[in-house]
Amino acid sequence: MYPFTQSVTPAARTHLEAQLSFFNDISKSLFRTYQQYSDLNIQLAQTLLEESTTTGHHLITANRPAEAMAAAASHAQPAAEKLRAYQQHLSRIAADTQVDFSKVAEEHVQETSRTARALADEVARVTTEEAEKTIRNQQDAVNKFTDPFKRQDSARYGAESRGGQSLQSAGQNGA
């Protein structure tokens, strides 16, 4: 039914293992990046929450509006610096992730390419063998095929020629 055998060939198994190893390392890198990103977001949220709580406390305990404005202004600069540091951390995480991806690809590209080439060679070999086998089977079927019309014609002509000879011989014998 299928042109290929049902069992997994060693070349296919090796190629699948190489690809799984590559995807495994890529997923590890992605999860590590996601963990760093999550940790950074949690750290930023905690820091901003602490500072906003402190600022809110200063605003509530201020006796005069000038003190409240001074407290709000004094906490605006550190919050901006924290956001800038957050952006730098994000950039560093993105750069590290790109380096990790490059490293993983560099480690796995040659092995995956080699196994893919071996698998393609094996598939081409098996396909060629199957095609040759099919052609041989078709040629055997053509060689075994006999034309039913030729057989009838040759049998009829053979009988007529025999009958004709017997009539001629009968005619000669009767004359």
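**Helix pairs and ring geometry**

Biologist: What relative accessibility does E129 have?

Modeller: E129 counts as partly exposed, because that class falls between buried, under 20% relative accessible area, and exposed, over 50% (1.4 Å probe, protein chains only). Bear in mind that this is a predicted model, where local features need pLDDT of at least 70 and side-chain atom pairs count only at pLDDT 80 or more, while totals for chains, interfaces and linings use all residues. Residues are numbered from 1 along each chain as its sequence is written, and side-chain values use heavy atoms, with hydrogens and water left out. For E129, the relative accessibility is 40%.

Biologist: Which residue forms a salt bridge with E129?

Modeller: A salt bridge needs a side-chain nitrogen of Lys or Arg within 4 Å of a carboxyl oxygen of Asp or Glu. Here the closest N and O atoms are 3.1 Å apart, and the two residues, four apart in helix α2, are separated by about one helical turn. E129's partner is R125.

Biologist: Which residue in helix α2 pairs with E51?

Modeller: Side chains meet here in a salt bridge of 3.5 Å, N to O. The link joins distant parts of the chain, 31 residues apart, with E51 in helix α1.

Biologist: Which residue makes a side-chain polar contact with T33?

Modeller: T33 sits in helix α1 (residues 10-61), helices being DSSP runs (H or I, at least four residues; strands are E, at least two) numbered from the N terminus. A polar contact is a pair of N or O atoms within 3.5 Å; within protein, one must be able to donate a hydrogen and the other to accept it, and residues adjacent in sequence count only if both atoms are side-chain atoms. T33 is buried at 15%, and its side chain reaches 2.7 Å from that of T97.

Biologist: What angle lies between the planes of F22 and F23?

Modeller: The whole structure holds one aromatic pair. F22 and F23 form this pair, 5.5 Å centre to centre. Rings of Phe, Tyr and Trp (its six-membered ring) pair if their centres lie within 6.5 Å, with planes under 30 degrees apart stacked, over 60 edge-to-face and the rest tilted. This pair is tilted, at 50°.
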